[in-house]
Amino acid sequence: MHEMTVMAGLLEIIEAQARLEGFTRVARVVLEIGALSGVEPGALRFAFDVGTRGSVAAGAELAMEEIPCLGRCPGCGVQSPLAAPFDPCPACGGEPMEILRGRELRIVALDVE
Ligand SMILES: [Zn+2]
């Protein structure tokens with residue numbers, strides 16, 4: 001499951017942060033998840049519950065903010081929400097849109113104890 005790999009990466013970041021800042025418990029993790037990040041929030045929540053067992057983030061609350069996708073046409077410059085990568089521009093029907101936003105997958109906040 002892709003989300004397990006993603007979760008392992010996030011946990012590494014959290015544990016590195018814990019060593020750096022000296023906290024021993026994380027109460028809440030806030031993530032930004034882009035619509036095109038390829039991560040399914042339900043699966044990520046499951047991976048989080050399983051993957052954080054025995055770690056500093058065990059039992060932490062997981063909050064997820066979904067970031068909608070935004071594209072920009074390299075031809076006419078129009079900006080528009082995108083349903084999928086490589087969708088053509090809705091204004092000129094031309095080239096695939098550049099993705100400005102929607103691939104994010106990052107920790108935006110950690111509440112620690
Ligand atoms: Zn266009």
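Helices here are DSSP runs of H or I with at least four residues, strands are E runs of at least two, and both are numbered from the N terminus. The model is predicted: local features need pLDDT of at least 70, side-chain atom pairs count only at pLDDT 80 or more, and totals for chains, interfaces and linings use all residues. Residues are numbered from 1 along each chain as its sequence is written, and side-chain values use heavy atoms, leaving out hydrogens and water.

Now the overall picture. The chain has 2 helices and 6 strands. From the N terminus, the order is α-β-α-β-β-β-β-β. The C-alpha atoms fill a box of roughly 55 × 25 × 15 Å along the principal axes.

Next, the cysteines. An unreviewed UniProt entry lists Cys73, Cys76, Cys89 and Cys92 under "binding site". UniProt positions use the numbering given here, feature names are shortened, and annotations may be inferred rather than shown by experiment. The four spread over 20 residues of sequence, yet they cluster in space, with a largest C-alpha distance of 8.6 Å.

Take Cys73. It lies in the loop between strand E3 (70–72) and strand E4 (79–81). Is Cys73 buried or exposed? Buried, because its relative accessibility is 0%. Buried means under 20% relative accessible area, exposed over 50%, partly exposed in between, with a 1.4 Å probe and protein chains only. Contact means heavy atoms within 4.5 Å. Beyond four places in sequence, Cys73 touches Val78, Cys89, Cys92 and Met97.

Cys76 sits in the loop between E3 and E4. At 41%, Cys76 counts as partly exposed.
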